[in-house]
Amino acid sequence: MKKHTATLGSACLITTAMLTGCGEKPSPSRVEQPKKDSAPVSQVAVKTTSKAVIEQDGLTFRDLNADGKLTPYEDWRLPVEERVADLVARMTLEEKAGEMVHGTLPGKNGFAGFSQDGYDIDVATSLFKDKHIGSYISRLNMSPADLAVENNKVQALAETTRLGIPAIISTDPRNHFQYVLGAAESTDGFTQWPEPLGFGALNDPEITEQFGDITRQEYRATGFTMALSPQADLATEPRWPRIIATFGSHAGEVSKQVGAYIRGFQGSSDGITPEGVSTVTKHWVGYGAAVEGFDGHNYYGRNAQLDDTSFEDHIRAFDGAFEAKTTGIMPAYPILHGITVDGEPVEAVSPGFNKQILQNLLRGDAGFKGVVVSDWAVTRDCSEECKAPTKPQGVREIATPWGVEDLTIPERFVKGITAGIDQFGGEDQPEIIVNAVHEGKLTEARIDESATRILTLKFELGLFDNPYVDEATAASNVGKPEWRALAREVQAKSQVLLKNADKLLPLADSMKKVFVDGLNAEALTARGFEVVTDPAQADFAIFRFSTPSEKLHPNHFFGSRQNEGRVSFREDDEKYQQMLAVSQQVPTILSVFLERPMIMGELNNTAGAILANFGSADDAVIDVLTGKVSPTGTLPLELPSSDEAVEAQKPGYADDSENPLYKRRAGLTF
């Protein structure tokens, strides 16, 4: 056995095919060697930056615990379960507890991890070495090449810890395009696709899986190994701000879309692969049944209303996730009212603290064996400024301990772990878990269960052998031209043609003069149109806008950032009156971003064409207007006919408003 050391900052790398393991189960004190007559063992990719590498039998391994010996958890030839068991046995209680919080990587010159300047490695060092935290969300906004460099720095820091346990680096979605008035397509390098609701409009799981596969490659090229997505939530309350991130309102269709998304991200139809990205499917379960549409991030949105019949639909939407073996599940925020589990009323606490929801339904009925990651801030205290702020809330006022407000923070940790949480999102206090064990409120065996699940995922992702990415190729492996072309085509195809009076679309060659509001005039000019400022001089007009909304809670951190309240225009809305007036003078096209269902009102009668989108760049809209691409989307949810119908519908039921203007799956073709 030879020991080779690599100097800090250098790298030792061996690459061939990955191998799952071989041989019978060895004892923790020895490593069983492959039998002489067994098939040759292929070297896996091994890379270090500070620890030594070990050579044995012509093969190379990382010496993660720096003891000069090949220990079982370092031996990539062994089955994952044996490597995990060996590692857990070597860990201190503090190290295991550190795996049970999902922290935030600190950013330079930013707040809450948001930064364009990279990670603050000095601050991160304490999180790794003092708190032993092993999973983090990244909120960096940088080029792919820079992201690769920064994420490699994090893995290099993880390697310097006592046992060299690699980090999981997670991210919220980076590959969707939300229309913002006056803003161009994102330039962060990642391909930009419609929001999930756009995939719901296409209703083609093969395209969704292709999207997931491309995004998987972009994430792994830049060092991200966990996606805090997809949302399997049903869009059942039309006013809910998070509808755009769902796949729609039909449980069976959502289930198929979610399964396809996970297969693409994780790299197979049978769970995670070493080249995959772990998915954390959310939010288990019933999140979309928000009372009055108010979101559960906020104190005023902490309740969801269902009954046992509607609840079954919300559960069925997750079937595809379990079939595809999603690696993670994130519980929902709001307290679920009106339902029973096994004939018993559900405790009035949010699902992250609810044993009936996590144990009986998730672990029991659904048979889920992966990692349960809580949503963010569930253990924090919700102060009076959190509940009813008198001034704009800051990050420190964010808290979501719904149903357990009267418990202390340590009591919330204990209740959550007892209910079934493996990892607390947005937390950096693993010492609370350690103290709970010392005080006899939790057993170390229970901590071992969660640590085992989390570490198993890290081994399955291949991180223990090579957690690093190739910085030189990161930029070329993100946003490839063929991927961008496909993403733009999907942005165009996913649009829904709701009305096309007198076959206004596609536009005739003679229609060149356009009055425009909300769409980039330069994009139209580049396509041969003449933009005029007087509707009377135009051949046609186009208005681009989003579903109406209100800011009903401007002092709440999330309330100030979310579109709440009505989904209809008011008679005195200037924009509405302008569109009505213009549409009575000249053929008018409405291009509406349906981030929530919209009540069209008189616009449905006066507009010549109505084209809905779920995240499409201006060029993708023009592609449809000119007939370069035919819209093939259909509505993934119904569009109500009136405010009264919205107020009368039940939050937990899909598409149940009276006399909807457009039913689910409405849509025309050219």
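Visitor: What should I know before I start?
Guide: Residues are numbered from 1 along each chain as its sequence is written. The model is predicted, so local features need pLDDT of at least 70 and side-chain atom pairs count only at pLDDT 80 or more, while totals for chains, interfaces and linings use all residues; side-chain values use heavy atoms, with hydrogens and water left out.

Visitor: How many helices and strands does the protein chain have?
Guide: Helices (H or I, at least four residues) and strands (E, at least two) are DSSP runs, numbered from the N terminus. Here you get 20 helices and 23 strands.

Visitor: What radius of gyration does the protein chain have?
Guide: That radius is taken over C-alpha atoms, and the globule rule is 2.2 Å times the number of residues to the power 0.38. For 670 residues, a compact globule would come out near 26 Å, and the protein chain agrees, with 26 Å. Its C-alpha trace spans about 85 × 55 × 45 Å along the principal axes.

Visitor: What share of the residues is buried?
Guide: Buried means under 20% relative accessible area, exposed over 50%, and partly exposed in between (1.4 Å probe, protein chains only). In this chain, 59% of the 670 residues count as buried.

Visitor: Which aromatic pairs could I look at?
Guide: Rings of Phe, Tyr and Trp (its six-membered ring) pair if their centres lie within 6.5 Å; planes under 30 degrees apart are stacked, over 60 edge-to-face, and the rest tilted. The whole structure has 28 aromatic pairs. One of them, Tyr73 with Phe464, is edge-to-face, at 6.3 Å centre to centre and 85 degrees between the planes. Tyr73 sits in the loop between β5 (59–62) and α1 (80–90), and Phe464 in the loop between α14 (444–460) and α15 (481–493), so the pair ties together parts 391 residues apart in sequence. Tyr73 is buried at 0% relative accessibility, and Phe464 is buried at 1%. Phe111 and Phe114 make a tilted pair, 5.6 Å centre to centre with 40 degrees between the planes.

Visitor: Are Phe111 and Phe114 buried or partly exposed?
Guide: Partly exposed: Phe111 has 48% relative accessibility, and Phe114 has 42%.

Visitor: Which residues make the nonpolar surface patch?
Guide: Like charges are joined within 9 Å, and nonpolar side chains (Val, Leu, Ile, Met, Phe, Trp, Tyr) within 5 Å. Phe111, Phe114 and Val395 make this one, of about 270 Å², with areas from the Shrake-Rupley method, a 1.4 Å probe and, for residues, only the protein chains shown as cover. Val395 is partly exposed at 31%.

Notes. Patch = residues over 30% accessible without salt bridge, like charges linked within 9 Å, V, L, I, M, F, W, Y side chains within 5 Å. Salt bridge = Lys/Arg side-chain N within 4 Å of Asp/Glu carboxyl O.
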